[in-house]
Amino acid sequence: MKKIGTGYILVLLGLLMANGLFGSDRIPVRELFDNADRYEGQKVTIIGEVIGDIMRDGKTSWVNINDGDFLIGAVILDESLLGKIKKIGRYRVHGDTVRISGFYQTHCREHLGERDIHVEALDVVTGGYELEDSIDLYEVIVSILLAVATLIFVFHTHGRNVRKDSAGQHD
Amino acid sequence: MIPHFSREDVNSILHYIGKLTHGFGIVMIVPVFIGILNAEWAPCIDFIISSLLCISIGNLLLMTFPLERDLNWRQGMSLVALSWLVAMLLGAMPLYLSGHYKSYLDSAFESMSALATTGLVVVNDLDHMAYACNFWRHLMCFIGGQGIILVALTLFVKGGSAFKVYVGEAREEKIMPNIVQTARFIWFVSLTYLVIGTLILFLINLFRNISPGRALFHAICLFMAGWDTAGFSVQSQNILYYHSPAVETATAMFCLLGAVNFGVHYAVWTGRPKELLKNFELKAYVMSILVLFALVCVGFTMQFPFPDYVSFFRKTFYQLISAHTGAGYANVTTYHFLKYWPPLALLGIIMAMGLGGSSSSTSGGIKILRMCLFYKGIKKEVKILTSPESAVIVEKFHHIRDVTVEDNHIKMAAMIILLYITMYLIGGLIGSFYGYPFLSALFESVSATANVGLSMGITSPAMPNGLKVVYIIQMWMGRLEFISIFVMFKFILSLKSPQ
C-alpha cells in the first residue's frame, strides 16, 4: 500500500514538474475528449507516462500514454523516436514520462476509427525507474502463523479420519 | 405448509461452504506460482495469507459441521446462493491486500464482477498491477463463468446432491446422462478452447512484437475473460489498449463461442454439425444480432461521427457483439458512448445486453431460449383462440432435440423475463436517485444485472458506496437467475420465525 502511495506521489510530482518545465502548451487527454471538435486534426502536445507495451503493425508502432487521468494511443512511425523510450510502465516500473507532439484525430481514417495522436516529436521529460518490492514483516508473520494453524488442522483431520476408518474396520 | 429449515439444513449448507472455502484456498495457490515466476514477492505473500486463511476456515467448517446426508432441493439452492457471496468475500482478500482498491467493498465489488463474469471494474492503477493479482482477476472470471458449483461438482459433490446445486447455478440442461459427466464435459470443452484461443492470441501478440512472456500472459487472460464473457482485460483501456482489429476479431469470436449453449457444443463435438443450422435458439440469436445491429445503424443515421463505414462497422458491431454475448469488452471509451452514440443506438446496445446469450452458456441476461419460449407461447395462444374449440394445438421447436412447448415452460420463462426487466428498471431508478441521467443509469443497471460490464462511466472507484452494493446485488442475482436467492432468503427468514 505504502509502495503504491509513494509511486502515485512520484508520478504526480513528475507530471507537475514536466508541466512546469515544458510550458503550458500541454493539453490534458481529458480536454481532448471533452472538446474533440476543437482539436480535431490539430497539432497537440500531451505529457504522460508510457505504459504497457510497444506494439507494432508493420511500420507503425503504438504506445499508450497515461497523463494521470486518461489514456490515449499514440502512433509512431519514426524508429528514432521509439528508441528514446527506455522504460515502460508496469508493475514495479514507472515508465518514462514523455512529451509528445502530433496530430490528434477522434476517429482516425487511417487506423479504422481509432482515437489517436500521430506523433511528430517525442522527448523524455523524466526517465522511468524501478520500484522495490518491499515485503511487509507483519504479513510474513501472519502467513507463518496461518501456515502453522493449517498444518495443525490438516493433521488433526487426518488423525480423526484414520481413527474413524480403524473403528469402522473393527465394527 | 412450507417446512422450516432445521439444524440439519444449516449443517449441510455450512459443510459444503467449508468445502468451497477449502477449494478456493487451493485455487489461490495458482497465482502464487505466477508471482514466483515474475519475482513478485509481496503479492506472493498476499496470496499465501489468503490461501491459508481460506484453507483454515474451510477445515474449521468441515470439522464443525459434519455432513449427515445428501442435499435436498432447498439446501442445494440455498447453498448455491450463499456460496457466491462467500466466494466474493474470499476472492476479494488478495485483491484488497494488493493495495489497488480503495476499500474492502471495492475489492468485493471487483471479485463479484469477476465471478459473475460481469466485467465492471473499480480498480485503481490497473496498468501497474502485479501479474499474480491480475491473473487472479482473470482466473476468477474463468471459475465463475464455468460456475463455482460446477467446479465443485467435478471435485467434491457426489450422489444426488449434484443436480440440485447444478440447477441452482442457473444451468438446467444435462448434456450427458450423469451430471458430473456433464460438468466434466464443460471443463473439457473450455480447456480445449483455452489452449486454442490462447495460442491464437499469443501468436497475434507475438506478431505485434510484444515480448513472448507478456504475449502469453495477455493471451491467457484475454481468452479466459472472453470465453467466459467477463470482459476483463489486463490493461485499464480494455480492448482499446491493443489498437488491433486482429485482437478484436479473435476476442469477438471467443465471446460468441462462449455465448453458445454447451449442448450445441456437445452436438458439434460428437459429429452433429447440422445442429448449428437446426437449433432454434441459435437461429433466433443470429436474428437478434442482425435486428439489433439494424437498430444501431438506424440510430447512427441521425448522427454519424465516423470517417467511413469500415470504422463504423468495426466500432459498433464489436460493441454489439460484446453486449449481446455479455462480454463487455470495449473498443471505445465510456466517453465515446456518452458523446457519440445516439440514444437509439444506445437503446440497441441496452437491449442486446438485456437479452444476453444462449441458455446453458457462460453469458448472462434473460437468455435467447426464454425469449423463444415466450414467442412460442404467444403463438400458441393465438392459434388456440383462432382454432376450433376441439382442436389440440401443439407448438414444437428444435433445441438439441425436438421440444414440445408446455405451459409450465412458458410460465417459467415469462417469470424470469419479468424478474430481469424489473431488476433492470429498479437498478436504473436507483442510479437516477443517485443523480445520474436515467439512460446512463439504465445502461449501467442492465450491464450489471445481465453480467455484461460495459459502462457509461458511472462505475468507478469514486461512485457512491450504496450504488456499489446495489450493483453487487444485481450482479449476484443476475448470475444466479433469482430463484436460488429467493430460496436462500426464505431459509434466512424461516430461521428467525418461530416454528
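How many helices and strands does chain A have? Chain A has 5 helices and 7 strands. Both words refer to DSSP runs, numbered from the N terminus: a helix is H or I over at least four residues, a strand is E over at least two.

Before you click on, some housekeeping. This is a predicted model, in which local features need pLDDT of at least 70 and side-chain atom pairs count only at pLDDT 80 or more, while totals for chains, interfaces and linings use all residues. Residues are numbered from 1 along each chain as its sequence is written, chains are lettered from A and ligands numbered from 1 in the order in which they are written, and side-chain values use heavy atoms, with hydrogens and water left out.

**Stop 1: chain A**

Select chain A and trace it along the sequence: the pattern reads α-α-α-β-β-β-α-β-β-β-β-α. Of its 171 residues, 46% count as buried.

Contacts are heavy atoms within 4.5 Å. Among the contacts in chain A with a separation of 6 or more, 59% are between residues 24 or more positions apart.

**Stop 2: chain B as a whole**

Switch to chain B. Here you can pick out 22 helices and 2 strands. Its C-alpha atoms fill a box of roughly 70 × 65 × 50 Å along the principal axes. For 499 residues, a compact globule would have a radius of gyration near 23 Å, and chain B agrees with its 22 Å. That radius is taken over C-alpha atoms, and the globule rule is 2.2 Å times the number of residues to the power 0.38.

Buried residues make up 62% of chain B. With the surface on, you are looking at about 18500 Å², 72% of it from carbon and sulfur atoms. Of the contacts in chain B with a separation of 6 or more, 73% join residues 24 or more positions apart.

Chain B carries 33 positive and 26 negative side chains, and the centres of the two sets lie 3 Å apart. Lys and Arg count as positive, Asp and Glu as negative, and His and the chain ends are not counted. Each charge is placed at NZ of Lys, CZ of Arg, CG of Asp or CD of Glu.

**Stop 3: the aromatic rings**

Rings of Phe, Tyr and Trp (its six-membered ring) pair if their centres lie within 6.5 Å; planes under 30 degrees apart are stacked, over 60 edge-to-face, and the rest tilted. Over all chains, that rule gives 36 aromatic pairs. Zoom in on one of them, B:Phe300 and B:Phe312: they sit edge-to-face, 5.5 Å centre to centre, with 75° between the planes. B:Phe300 lies in helix α14 (residues 280-302) and B:Phe312 in helix α15 (residues 309-325), so the pair ties together parts that are 12 residues apart in sequence. B:Phe300 is buried at 2% relative accessibility, and B:Phe312 is buried at 7%.

Next, select B:Phe433 and B:Tyr434. Their ring centres are 5.9 Å apart and their planes at 80°, so this pair is edge-to-face. B:Phe433 is exposed at 72%, and B:Tyr434 is partly exposed at 34%.

Back to B:Phe300: one aromatic cluster includes this residue along with B:Phe312, B:Trp341 and B:Phe443, among others.

**Stop 4**

Most residues other than glycine have a negative phi. Go to the loop between α10 (212-227) and α11 (245-258) of chain B and find B:Asn238. Its phi is positive, about 60°, although it is not a glycine. Is B:Asn238 buried or exposed? At 15% relative accessibility, B:Asn238 counts as buried.

B:His243 is found in the loop between α10 and α11 too. B:His243 has a positive phi near 50° and is buried at 4%.

**Stop 5: one more loop**

Finally, select B:Lys102, in the loop between α4 (73-97) and α5 (104-115) of chain B. Which residues does B:Lys102 touch, leaving out those up to four places away in sequence? They are B:Asn124, B:Pro461, B:Ala462 and B:Lys468.

How values were computed
Buried < 20%, exposed > 50% of the residue type's maximum accessible area, 1.4 Å probe, protein only. Areas by Shrake-Rupley, 256 points an atom, 1.4 Å probe, with all protein chains shown as cover.
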